[in-house]
Amino acid sequence: MTTSSSERGVSLGMPELPAPAYPDDVRARLEADAREVIARYPDSRSALLPLLHLVQSEEGHVTRTGMQFCADVLGLTTAEVTAVATFYTMYRRKPSGDYQVGVCTNTLCAVMGGDAIFEELQEHLGVGNGETTDDGKVTLEHIECNAACDFAPVVMVNWEFFDNQTPGSAKRLVDDLRAGRPVEPTRGAPLCTFKETARILAGFPDERPGAVEASGGAGPASLVGLRLARGEAAPARVVHPRDGGPHDEPQDREPQDDAVHEPSPTEHLSSHDAPQDTSASDPAHPAGPAAEEGE
């Protein structure tokens, strides 16, 4: 008995049919938005990146229809648009969740627990890297760097920061997202869906109350180098000893220069400011004595 090429899953290299067009009302709305975006640039093709975010905000990922639309309004070929859309990972090429959960697995986050968070989330959600839960709520992926090393390990949801995570807190986070419970980023604007985020990245204002006023500044560890470069005094150390709290200064003594800084409740501490489980604090995995240089 013989089987056909389609039954064997063999492609005959037939060309794809043209991308389906947007419905007339959708295309008219997107064309109006596109004109606004294109007007910001002296060369229309410079608007390609925000326009890809715009079409992503329509369907939750960049479809062939979206790429054809970008090509049409910019006078480009679909090959030129596809080359850009496939280069940048922020443009999704397949349907994805309302919430893109990215776990940083670069060096610092990894050693601080990012690898463990990512592994446990995969098991907890039942998905692999770049896959979406069955309810369409969460897409999980590992990120090479979230640019927030002083708050490692870091998880981002639709590009908003969730700092100093643990496997337990990360699992609670995705459970809340899937259940529709309110979730607040550690810093930055309030969380919104991936489609809403894509429209903001296309350059349209975030009209939610309080969203623009919210800030997401760098942490103390990130700013030390900047302050020293400006000639400012080094900030007090925000480091607690491993016995769990700052040493008490005797009442009849002046505080020493190297006294441990007790942060105010409003200070946002790095995960490096808290005791960590390391080989030095784990009797089951002692680090051993450190050798002097040259020994």
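## The model

This is a predicted model, in which local features need pLDDT of at least 70, side-chain atom pairs count only at pLDDT 80 or more, and totals for chains, interfaces and linings use all residues. Residues are numbered from 1 along each chain as its sequence is written, and side-chain values use heavy atoms, with hydrogens and water left out.

## Overall fold

The protein has eight helices and five strands. Helices (H or I, at least four residues) and strands (E, at least two) are DSSP runs, numbered from the N terminus. Their order from the N terminus is α-α-α-α-β-α-β-β-β-β-α-α-α.

Of the 295 residues, 34% are buried. Buried means under 20% relative accessible area, exposed means over 50%, and partly exposed lies in between (1.4 Å probe, protein chains only). The protein exposes about 17800 Å², and carbon and sulfur atoms supply 53% of that area. Accessible areas come from the Shrake-Rupley method with a 1.4 Å probe; for residues, only the protein chains shown count as cover. Take the contacts (heavy atoms within 4.5 Å) between residues at least 6 apart in sequence: 64% of them join residues at least 24 apart.

Two packed helices are described by the angle between their axes and the distance between the axes. Axes are lines fitted to C-alpha atoms, for helices over the stretch in contact, and angles run from 0 to 180 degrees between N-to-C directions.

Helix H2 covers residues 48-59 and helix H7 covers residues 194-201. Their axes come within 7 Å and cross at roughly 160 degrees. H2 is therefore roughly antiparallel to H7. Angles under 35 degrees count as roughly parallel, over 145 as roughly antiparallel, 65 to 115 as roughly perpendicular, and the rest as oblique. The crossing of H2 and H7 is left-handed: the near helix is turned anticlockwise from the far one by less than a right angle, while clockwise would be right-handed.

On the H2 side, the contact residues include His53, Gln56 and Glu59; on the H7 side, they include Phe194, Lys195 and Arg199. By class, this contact of H2 with H7 has four nonpolar, three polar and four charged residues. Ala, Val, Leu, Ile, Met, Phe, Trp, Tyr, Cys and Pro count as nonpolar, Asp, Glu, Lys and Arg as charged, and the others, Gly among them, as polar.

## Helix H2 against H3

H2 also packs with helix H3 (residues 64-74), at an angle of about 140 degrees and with axes 9 Å apart. H2 and H3 are therefore oblique to each other. Their crossing is right-handed.

From H2, Leu48, Leu51, Leu52 and Val55 take part. They meet H3 residues including Met67, Phe69 and Val73. The contact of H2 with H3 has nine nonpolar, one polar and no charged residues.

## Loop residues

Thr193 sits in the loop between helix H6 (167-179) and H7. Thr193 is partly exposed, at 23% relative accessible area. Beyond its neighbours within four places in sequence, Thr193 contacts Asp98, Tyr99 and Asn158.

Most residues other than glycine have a negative phi, and most peptide bonds are trans. The bond from Ala152 to Pro153 is cis, with omega near -5 degrees. Pro153 lies in the loop between strand E3 (138-143) and strand E4 (155-157). Trp159 has a positive phi, near 75 degrees, and is found in the loop between E4 and strand E5 (160-162). Asn164 also has a positive phi, of about 50 degrees, and belongs to the loop between E5 and H6.
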